[in-house]
Amino acid sequence: MKKIVAAVVVLLAVYGVTSFVVMNIALTPNRATCGAPTDDGVAATPLQFTSDDDDKIPLKGWLLTPATPTDKAVVLVHGLDSCGWRGSHIELAKAYLAKGFTVVVFDLRGQGASGGDHLGLGWKERADVRAAVHVLLDHGFKPGHIGIHGTSFGAATALLSTAAIPEVGAVVADSAFADVRDLMVQELDRKVHLGALFAPGVTLVARLRGFDLDVIAPIAAVPQIAPRPIFFLHGTADPRIPVEHANRLKAASKGPADELWLLEGAGHTQGLQMAHDEFLARTTGFLASHLASADLASDPKTAPPAPPAASPRPS
């Protein structure tokens, strides 16, 4: 009996250590190199800033200024194994510029040219997005005049960030997941295989590392965004993040101006490819029409709830 107990203890220990290793692998992105806007003929000012948290991750990106500026701006948030410029779609950035938006594109932590070694499941990346929003505030844009447009992992990050950053006036979420746990087996299979075997251990290790998977799910953040508008869009044939995620997110939202656009037959983040002109018109038009014409944070009746306490903003 003692031998059996000892064997079980050893197996559990090995499983725990292996799960920790798998978690580290899962949180280590494949760095991509996306070049710079100037490579594609777009004038841009390089940006260097740090994440708005205790990690102080160095972040790199660009500030794009339109030929005819308006009082509106947008932060573009890219997906996994990608980076800010091409990962956020060059044509999308150009479309926002054509509408008079000032645009910030940047590399999230652990990706592209930014610092950091690990992903933060969209939760820690909130501090990256918050820092990018502060760049725009420092350039004179008012609360409520700044939007976020995120793609895939970046869309989930955008939803989590908007809930935590009251200065953001509206958000576009292209192909977001509702809860990372629903994708864990599939995503672990992409990284290490045997996803079903390690998913329970990784979930436990995530909690030990400070990730409460109940709290950090985008579907938990979505109701906190109201009354600020959300535009969800998703391909009905998405093999990586099934369209049910979009339906669940829309069902959880509480904003009267929230919209859901399902792109029939589109795969993962293929909306721009399959409905090019309509995609650009609807996404940029959504932010153009919904971003505030007055200071969002000045009126306590209309201001969204304050985000959870964060570390002081870096100088």
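I looked up the pairing of strand S6 (residues 168-174) with S7 and found it parallel, over 4 bridges. I count two strands as paired if DSSP finds at least two bridges between them. Helices (H or I, at least four residues) and strands (E, at least two) are DSSP runs, numbered from the N terminus. The model is a predicted one, so I took local features only at pLDDT of at least 70 and side-chain atom pairs only at pLDDT 80 or more, while totals for chains, interfaces and linings use all residues. Residues are numbered from 1 along each chain as its sequence is written, and side-chain values use heavy atoms, with hydrogens and water left out.

In this pairing I noted Val 172 opposite Phe 231 of S7. I then checked S7 against strand S8 (residues 259-263) and found a parallel pairing over 5 bridges. Here Gly 235 stands opposite Leu 263 of S8.

**Cover on S7**

How many residues of strand S7 (residues 230-235) are buried? I found 6 of its 6 buried, where buried means under 20% relative accessible area, exposed over 50% and partly exposed in between (1.4 Å probe, protein chains only). In a regular strand the side chains alternate between the two faces of the sheet. I listed S7 by side: Ile 230, Phe 232 and His 234 are buried on one, and Phe 231, Leu 233 and Gly 235 are buried on the other.

**Helix H3**

I listed the buried residues of helix H3 (residues 90-98): Ile 90, Leu 92, Ala 93, Ala 95, Tyr 96 and Leu 97. After H3 comes Gly 100, and I noted its positive phi, near 90 degrees.

**Salt bridges**

I searched the whole structure and got 8 salt bridges, each a side-chain nitrogen of Lys or Arg within 4 Å of a carboxyl oxygen of Asp or Glu.

I looked at Asp 52 and Arg 130, whose closest N and O atoms are 4.0 Å apart. Asp 52 is buried at 4% relative accessibility, and Arg 130 is buried at 11%.

I next took Asp 71 and Lys 72, a salt bridge with its closest N and O atoms 3.4 Å apart. Asp 71 is partly exposed at 36%, whereas Lys 72 is buried at 15%.

For Glu 278 and Arg 282 I also read 3.4 Å between the closest N and O atoms. The two residues are 4 apart in helix H11 (residues 276-290), which means a separation of about one helical turn. Glu 278 is partly exposed, with 41% relative accessible area, and Arg 282 is partly exposed at 31%. I also followed shared partners: salt bridges join Asp 53, Asp 55, Arg 109 and Asp 128 into one network.

**Leu 137**

I placed Leu 137 in helix H4 and read it as partly exposed, at 22%. Which residues does Leu 137 contact, leaving aside its neighbours within four places in sequence? I found Lys 142, Pro 143, Ile 146 and Glu 167, with contact meaning heavy atoms within 4.5 Å. Between Leu 137 and Glu 167 I noted 30 residues in sequence and 8.8 Å in space, C-alpha to C-alpha.
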